[in-house]
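Hello,

Here is the structure I promised to pass on to you. Please have a look, and then read on for what turned up in it.

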Amino acid sequence: PVQHNADGIPILHAVPEDVQADRERLYQEGPLTRVELPGGVRAWATTHHEASRLTLNDPRLVKSVDHWADFQDGTVTAEWPLMATIPTDNTNMLALDGDAHRRLRTLTASPFSARRVERLRPRIERLTARYLDTLEEGAHEPQDLKSGFTFKVPMGVIGELYGIGEDEYVHLGEMYAKLFSGTTEPGEHIEIYGALFQFFTDVVARKKANLDECDDFTADLLRTGVESEDGLSDTEVVVTLLTVVAAGHETTVNLLTNAVRALLNHPEQRELLKRGEVSWEDVIEETLRFDPPNNVMMFRFATEDVEVAGQTIRKGEALLTHYGAATRDRAEFGDDVHVFDPKRSRGRHISFGYGPHICPGAPLSRLESRIILPMLFERFPDLELAVPDESLEVVAALSTNSLKEFPVVLRP
Ligand code: HEM
């Protein structure tokens, strides 16, 4: 059943009870609905595909909090825990619009071009093989595939690319998980953000002192500032690292975990995959639709009144994209939206976003998944869940669609 507040507005909980059921009920409220978020904060949400696509690409709906009336008048403050997912500073590409956004994207996103990413293949294969080796010892016992593998490889890849020490990965992962958690105390995220900011400030200072000897992406970012006046400032490099390391591991971890989960729950698809009747690309794209790594993406703000699907988002109001609900759109994907069908012939998911902020990391995470998933199933062809699927618990966070743990037996 749909839970509504006293004004009849659907409530989005910080701790989702049933992710799949929530998607369907929110889809039913769409294409555009008001929602109440934890802490009583009000916003709009697009929960259908076309409304999401149109609003993500509408220049009247912007990312800068300067246009958010509730934030400007103090109704919502920096202490609100979900502010962890809404950058407020003008050094973060996720908070910028127009030319300032284009500048930062051009200066930071070039490492992710399909051509440069393809060259990373041998490095990703090497890392994957190494982490697979570490799984051998406990292969006959139940173990958490998330902390033991699907977290490690994407974190290893992004860490290696940006030159971050391997001994920092677990600690970094924990800090990010806490930052984006829906259950932190008001203001706690500010402290965690401060610690992450300091961590990357130290990384940048170390690299800058030895710039000639560094050949990672962090050094490339710093060189833009050395070579040109319009290059990146040190703070912009710090914030870029903070963003890219967050975006570069968590979502890919979810994609990998959700793909393995979907395959374990659909042995018939695994069989088709073995026989070459379904491709890994199909499995990856259908996982992005069926169980998208981001459930919710916050916020765009209306710079003027904007009509969407017959309703008006007033100037100054906030709008979120409910990716999870939009994946249940019959008009886009057909009537069988609840079925995991890699051979689906209809629809194109927007799980990497759409419009000017579309994910620059999409080629990298597609390549990673294309390498990591087959290598995992080749090494452990009998891999199975160690607990019933119904008992798997999700992380308490509105934005990310992530399992707390993913217990499997690799060699039953
Ligand atoms: C932006 C999803 C992997 C870096 C986005 C957005 C989405 C998204 C939906 C748009 C945000 C918005 O419109 O407000 C995903 C998914 C991934 C993934 C589902 C994996 C399955 C990555 C990776 C990286 C990355 C591997 C980097 C290495 C970024 C950055 C932005 C972004 C920097 C901000 C772009 C901008 O504001 O212009 N991602 N992402 N992402 N993503 Fe990803």
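Before the rest, two notes on the source. This is a predicted model, in which local features need pLDDT of at least 70 and side-chain atom pairs count only at pLDDT 80 or more, while totals for chains, interfaces and linings use all residues. Residues are numbered from 1 along each chain as its sequence is written. Helices (H or I, at least four residues) and strands (E, at least two) are DSSP runs, numbered from the N terminus.

The sheet

Strand 5 (residues 296-302) and strand 8 (residues 318-322) pair in the antiparallel sense over four bridges; two strands pair if DSSP finds at least two bridges between them. Both belong to an open, mixed sheet of five strands, ordered 1-2-8-5-3. Strand 1 (32-36) and strand 3 (61-62) are at the edges with a single partner strand each, so one side of each has no neighbour in the sheet.

The ligand

The ligand is surrounded by 24 residues, and the closest are Gly248, Thr251, Gly353, Cys359 and Gly361 (a residue is near if its C-beta atom, placed from the backbone, lies within 6 Å). Helix 12 (234-265) and helix 17 (362-379) are the elements that give two or more residues to this shell. Helix 12 gives the most, with seven residues.

Helix 12 and its neighbour

Helix 12 also packs with helix 14 (residues 280-290), at an angle of about 100° and with the axes 9 Å apart. Axes are lines fitted to C-alpha atoms over the stretch in contact, and angles run from 0 to 180 degrees between N-to-C directions. The two helices are therefore roughly perpendicular (65 to 115 degrees). On the helix 12 side, the contact is made by Leu255, Asn258, Ala259, Ala262 and Leu263, and helix 14 brings Val283, Ile284, Thr287, Leu288 and Phe290. Contact is taken as C-beta atoms, placed from the backbone, within 7 Å.

Helix 8

Helix 8 (residues 152-162) is mostly covered, with 10 of its 11 residues buried (20 or more other C-beta atoms within 10 Å of a residue's own, all placed from the backbone). Among the buried ones are Pro154, Ile158 and Tyr162. The buried residues pack against several helices, including helix 12 and helix 17. Just after helix 8, Gly163 has a positive phi of about 70°.

Best wishes

Conventions:
Angles under 35 degrees count as roughly parallel, over 145 as roughly antiparallel, 65 to 115 as roughly perpendicular and the rest as oblique. Two residues are in contact if their C-beta atoms, placed from the backbone, lie within 7 Å. A residue is buried if 20 or more other C-beta atoms lie within 10 Å of its own, exposed if 12 or fewer, and partly exposed in between; C-beta atoms are placed from the backbone.
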